[in-house]
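Q: Could you walk me through one part of this model in detail? I'd like to start with the hairpin and then follow the chain into the core.

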Amino acid sequence: GGAAVAVVAHDLNLAALWCDRLAVLARGRVALAGPAAEVIRDDAIDEAFGTRFERLAVAPGRVLLAPAPAPG
């Protein structure tokens with residue numbers, strides 16, 4: 001058997017760094033769930049947080065989310 005730990009965090013980058021799997025909640029429902037490396041790249045995070053994120057490659061296989069600059 002294994003063990004599970006649930007963590008609630010609003011810092012997506014830290015969550016993706018330390019967790020194997022992520023679940024993103026939006027309006028009280030799971031909007032996105034799965035392996036951290038996949039969830040952090042999914043555009044559904046933008047919709048769930050109501051902002052557009054830029055994905056910055058920081059290491060092989062690892063991205064960092066940063067708020068995208070406003071258009072214009």
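A: **The hairpin and the core**

Strands S1 (residues 21–26) and S2 (residues 29–35) run antiparallel, joined by six bridges. Strands here are DSSP E runs of at least two residues and helices are H or I runs of at least four, numbered from the N terminus; two strands pair if DSSP finds at least two bridges between them. Keep in mind that this is a predicted model, where local features need pLDDT of at least 70, side-chain atom pairs count only at pLDDT 80 or more, and totals for chains, interfaces and linings use all residues. Residues are numbered from 1 along each chain as its sequence is written, and side-chain values use heavy atoms, with hydrogens and water left out.

Two residues sit between S1 and S2 in the hairpin, and Arg27 in the turn has a positive phi of about 55°. Val24 faces Leu32 in S2.

Val24 also belongs to the largest nonpolar core, which has 15 residues; Leu12, Leu22, Val24, Val39, Ile40, Ile45 and Leu65 touch the most other members. Such a core is a set of buried (under 20% relative accessible area, 1.4 Å probe, protein chains only) Ala, Val, Leu, Ile, Met, Phe, Trp, Tyr and Cys residues joined through side-chain atoms within 4.5 Å. S1 supplies at least two of its residues, as do helices H1 (12–18), H2 (36–39) and H3 (44–49) and strand S4 (62–67).

Take Ile40: beyond its neighbours within four places in sequence, Ile40 is in contact (heavy atoms within 4.5 Å) with Leu12, Ala16, Ile45, Arg55, Val63 and Leu65.

Notes
Buried < 20%, exposed > 50% of the residue type's maximum accessible area, 1.4 Å probe, protein only.
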